[in-house]
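Colleague: I would like to learn how to read a model like this one. Can we take it feature by feature?

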Amino acid sequence: MIRIEDVGKRFGEGENLFEALKSITLEVEEGECVILSGISGSGKSTLLSLIAALDRPSSGKIVVEGELVSKLPDLHASAYRAKTIGVIFQHFNLIESLSVEENVIVPLINSGLDMPAIRKMAEQSMQRASILHKASQDVASLSGGEKQRCAIARALVNDPKVILCDEPTANLDRENSLRFIDTIQKLNQAGKTIVIATHDPLFEALPFESRVIHMADGMIGKHGE
Amino acid sequence: MNEILLSSEVIVYLLSEALLYLLLFIAAIATLGILKGWNFDRFTKRQFDLENRSYLVMSIIFFVLGLKMLLLPYFAYTIDALSLLVPGAMCAAGVIDANDYGSPLLLLKIIILFLSGLWLGINRLDLEEKHYPYMKLKSWFYLLLFILLSAEIVLDILYFTHIETTNPVSCCSVIFGEIGGNSLPLGLDIPKLLILFYLLYALLVLIVFTGHYLVRIAASLFFAMIAYYSVVYFFGTYIYELPTHRCPFCMMQAEYRYIGYLLWGLLFTGTFLAIESAVMEGIFGRDALKLKKISIGFLTLFVLLCSSYVGLYYLKNGVLL
């Protein structure tokens with residue numbers, strides 16, 4: 001499903017060289033939930049951005065769903081993300097001036113589907129993320145938890161096989177964090193492959209099967225179930 | 001420094017060409033580096049760096065070649081503007097013949113225009129794929145193109161620095177005015193030229209969708225040549241409404257509402273797209289139906305525009321020239 005082979009990522013050159021990832025090798029099976037845990041700067045988010053083809057590695061191979069994503073040219077990387085990947089960011093990355101429904105629709109704009117079909121898909125996705133009741137409300141007026149659910153709805157709208165979450169509960173209180181975990185559990189049970197980068201201890205003992213991978217200093221540390 | 005080099009059009013033109021050439025030169029050096037180390041099957045830091053660099057370099061080449069395409073009509077505008085400074089010149093025709101470098105430079109620019117278009121087509125094909133299948137081809141092609149671009153900048157400088165403002169030159173009425181056995185190619189006269197012009201257009205419309213790609217390329221080039229002579233020696237006289245005025249450049253002046261830019265633009269673009277569609281199908285095995293339709297659209301507009309001048313003149317005056 002996700003195969004990462006000997007991946008390195010370097011930023012800068014000479015004295016400013018920083019190795020964010022050092023020879024990472026990892027496999028994630030289809031339908032698996034993997035938690036990448038570690039302190040800030042350990043390389044979790046960088047690894048997620050490489051899996052999402054938001055950035056390219058400096059060396060190594062990343063294959064997702066049989067697609068060699070580590071070498072995808074920009075044009076194809078966008079198509080790959082639109083088809084295969086849903087991303088939930090720490091700061092949600094929503095367009096504040098748009099409504100919830102409009103934000104959820106954004107990934108489908110270039111899908112070639114007609115507007116009624118797009119609206120139907122957005123509605124289903126908002127229903128799944130429990131934010132349908134706020135569909136017409138501007139994102140700027142939402143609470144942190146509601147923004148999170150809007151971001152989940154947007155990530156799910158293209159029915160991706162892989163969901164990547166980058167510090168998804170960093171801006172949420174405990175109640176909303178638990179609600180998010182509940183949503184993730186349902187998605188995982190629905191067969192989605194999920195990779196979460198987090199340092200939230202709540203994810204260390206999830207109420208469903210998951211694999212915790214500790215990262216430190218750009219490398220994978222001890223593995224745990 | 002002579003008046004030519006001090007004219008604002010020449011300053012803008014030469015500075016633009018020099019700046020673009022600098023970018024092309026940097027791109028050529030980088031392209032050599034890419035060719036030297038490129039191996040897509042590798043997952044090393046060097047290969048990833050080359051892939052990132054190639055994206056930047058090819059983007060630079062893409063934009064510079066696009067800008068150079070726009071500079072060709074500006075070159076025509078510039079030499080037309082110089083006709084005010086060169087004694088005897090009535091339009092760009094006189095200025096282009098002001099020294100031995102002008103005609104080769106114009107020919108080279110047209111060849112570069114076509115090759116640049118072809119490079120852009122191959123680049124587009126490469127970007128459509130996930131594994132850069134044409135990276136080496138387009139890199140070598142660019143280096144070949146760069147040799148021509150280097151010759152062009154040298155000719156540009158030689159041409160503009162060798163235009164005399166004291167020696168009179170021949171104007172278009174002398175250069176194109178004589179209609180003799182040698183003025184038209186293949187021993188053609190005007191009626192035969194026109195028959196060939198319309199026949200070739202009809203043939204092109206037919207074979208562009210069905211013919212072998214080499215036949216299509218040959219027919220497109222032959223049509224472009226016959227169309228050039230037809231405009232200069234027949235249709236142009238209706239644009240100028242003067243049977244003795246045979247010039248490919250005067251029609252680019254304000255007096256004739258700059259129609260020459262549209263006319264030559266339609267012919268060059270239509271011909272180029274016909275050739276590109278043939279190359280894309282014949283060599284790269286791609287579907288080029290859209291290109292073919294656009295090329296025929298451009299050439300049809302060209303033929304209609306040429307013919308309309310004759311038709312309108314006849315309607316207005318009841319006679320032909």
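Modeller: Start with one residue. This is a predicted model, and B:Val208 is found in helix α8 (residues 190-210) of chain B.

Colleague: Is B:Val208 buried or exposed?

Modeller: Count the neighbours. A residue is buried if 20 or more other C-beta atoms lie within 10 Å of its own. B:Val208 has 23 C-beta neighbours inside 10 Å, so B:Val208 counts as buried.

Colleague: What pLDDT does chain B average?

Modeller: Chain B averages 91, and 97% of the residues score at least 70. Then go element by element. In chain B, helix α6 (residues 135-161) has the highest mean pLDDT, 96. Helix α7 (residues 172-175) of chain B has the lowest, 68.

Colleague: What are the scores of the model as a whole?

Modeller: The model scores ipTM 0.73 and pTM 0.82.

Colleague: Now a pair of helices. At what angle do the axes of α5 and α6 of chain A cross?

Modeller: Take the two axes and read the angle. Helix α5 (residues 144-156) of chain A and helix α6 (residues 174-189) of chain A cross at roughly 15 degrees, and their axes come within 10 Å. Angles under 35 degrees count as roughly parallel, so α5(A) is roughly parallel to α6(A).

Colleague: Is the crossing of α5(A) and α6(A) left-handed or right-handed?

Modeller: Right-handed.

Colleague: Which residues make the contact?

Modeller: From α5(A), they are A:Gly144, A:Gly145, A:Gln148 and A:Ile152. From α6(A), they are A:Asn176, A:Arg179, A:Phe180 and A:Thr183. By class, this contact has 2 nonpolar, 5 polar and 1 charged residues.

Colleague: Last, the two chains. How many residues of chain A are in contact with chain B?

Modeller: Count each side separately. On chain A there are 11 residues, in contact with 8 residues of chain B. Next, ask which elements supply them. In chain A, β4 (59-64) and α2 (74-84) are the elements that give two or more residues to the side touching chain B. β4(A) gives the most, with 3 residues.

Colleague: How does the side of chain A that touches chain B divide by class?

Modeller: That side has 4 nonpolar, 4 polar and 3 charged residues.

Terms used:
Residues numbered from 1 in each chain as written. Chains lettered and ligands numbered in written order. Predicted model: local features only at pLDDT ≥ 70, side-chain atom pairs only at ≥ 80, totals over all residues. pLDDT = per-residue confidence, 0-100. Helix = DSSP H or I, 4+ residues; strand = E, 2+ residues; numbered from the N terminus. Axes fitted to C-alpha atoms, helices over the stretch in contact; angles between N-to-C directions. Parallel < 35°, antiparallel > 145°, perpendicular 65-115°, else oblique. Left-handed = near helix turned anticlockwise from the far one by under 90°. Contact = placed C-beta atoms within 7 Å. Nonpolar A, V, L, I, M, F, W, Y, C, P; charged D, E, K, R; others polar. Buried ≥ 20, exposed ≤ 12 C-beta atoms within 10 Å, placed from the backbone.
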